[in-house]
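Hi there,

Here is the structure I promised to pass on to you. Have a look at it first, and then read on for what turned up in it.

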Amino acid sequence: MLQPYLKKGRLEAGCDEAGRGCLAGAVYAAAVILPPDFHNELLNDSKQLTEKKRYALRPIIEETATAWAIGIVTPEEIDRMNILRASILAMHRAIDKLKVRPEYLLIDGNRFAPYPDIPYETVVKGDGKMMSIAAASILAKTYRDDYMNELAEEYPAYHWERNKGYPTEAHREAIRRAGTTPYHRKSFMLLPPAQLSLEL
């Protein structure tokens with residue numbers, strides 16, 4: 001059962017990101033402030049939901065949330081700063097765009113950099129514990145999926161409509177055959193190193 005808040009009566013924003021482990025594409029984050037009486041039986045960590053359920057929940061979250069926003073960090077920025085810092089920056093950008101200022105931040109995971117003048121708490125596997133983080137995980141995931149589906153039309157060889165930029169064998173095989181695109185993260189190990197065969 002997901003918790004509606006960490007402290008009753010406090011305006012809390014849940015934050016989560018999507019696309020951290022991908023070889024291609026931007027990293028997306030969402031920040032969501034839910035009303036204290038929000039309730040939906042389907043709401044859960046986005047990874048535990050089918051694609052259909054995630055997309056069904058998205059408009060419900062957007063229409064009922066006190067405030068929500070999306071933050072994006074590009075592949076070029078990821079290559080400049082590393083993926084951990086990029087994920088945190090994406091969350092900061094989402095918080096920047098909230099139309100209501102939260103009093104407290106609930107961050108999925110165990111790493112974060114302080115946001116100016118708003119205290120925070122990291123929650124390991126928070127998308128399976130807190131409603132606001134679960135809602136943020138659904139928005140981050142679905143908006144990033146939309147983006148990767150668009151890129152897949154531009155670069156069909158990589159099957160991003162299916163793998164969303166994650167390191168599947170089909171994705172890596174496409175990199176071997178066709179090389180990289182402007183959307184690939186050049187600082188990542190796009191192909192595993194060739195195995196050395198030692199003669200004994």
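A search of the whole structure finds zero disulfides, a disulfide being a pair of cysteine sulfur atoms within 2.5 Å. For C15, the closest cysteine sulfur is that of C22, and at 19 Å it is too far for a bond. C15 is also buried, with a relative accessibility of 0%; here buried means under 20% relative accessible area, exposed means over 50%, and partly exposed is in between, using a 1.4 Å probe and protein chains only. C22 is buried as well, at 0%.

Before you go further, please keep in mind that this is a predicted model: local features need pLDDT of at least 70, side-chain atom pairs count only at pLDDT 80 or more, and totals for chains, interfaces and linings use all residues. Residues are numbered from 1 along each chain as its sequence is written, and side-chain values use heavy atoms, with hydrogens and water left out.

**Where two helices cross**

How do α1 and α4 pack? Their axes are 9 Å apart and the angle is about 115°. The names come from DSSP runs, numbered from the N terminus: helices are H or I with at least four residues, and strands are E with at least two. Axes are lines fitted to C-alpha atoms, for helices over the stretch in contact, and angles run from 0 to 180 degrees between N-to-C directions. The contact is made by R54, Y55, L57, R58, I61 and E62 of α1, together with residues of α4 including A135, I138, L139 and D146. By contact I mean heavy atoms within 4.5 Å.

Not counting residues up to four places away in sequence, I61 touches V32, L43, A135, I138 and L139. With L139, the separation is 78 residues in sequence but 8.3 Å in space, C-alpha to C-alpha.

R58 also lies in α1, and its relative accessible area of 15% makes it buried. What does the side chain of R58 make a polar contact with? The partner is the side chain of D146, at 3.0 Å. A polar contact is a pair of N or O atoms within 3.5 Å; within protein, one must be able to donate a hydrogen and the other to accept it, and residues adjacent in sequence count only if both atoms are side-chain atoms. Leaving out residues up to four places away in sequence, R58 touches I138, L139, T142, Y143 and D146.

Next, have a look at α6, which covers residues 169–178. H171, R172, A174 and I175 are buried there. They sit on the same side of α6, because they cover an arc of only 155° around the axis, where the arc is that of the directions from the helix axis to the C-beta atoms. The buried residues of this helix pack against α5 (160–163). On the other side of α6, E169 and R177 are exposed. After the helix comes G179, with a positive phi near 80°.

Most residues other than glycine have a negative phi. K125 has a positive one, near 55°, and so does K164, at about 55°. Are they buried or exposed? K125, in the loop between β5 (120–123) and α4 (131–154), is exposed at 64% relative accessibility. K164, in the loop between α5 and α6, is buried at 8%.

D45 lies in the loop between β2 (27–33) and α1 (51–64), and with 7% relative accessibility it is buried. A polar atom of the D45 side chain lies 3.0 Å from the backbone nitrogen of K47. Leaving aside neighbours within four places in sequence, D45 is in contact with D127, G128, A134 and S137.

R185 is in the segment after α6 and is buried, at 0%. Its side chain reaches the backbone oxygen of G25 at 2.9 Å, and a polar atom of that side chain lies 3.2 Å from the backbone oxygen of R20. R185 and G25 are 160 residues apart in sequence, while their C-alpha atoms are 7.3 Å apart in space.

Enjoy exploring it!
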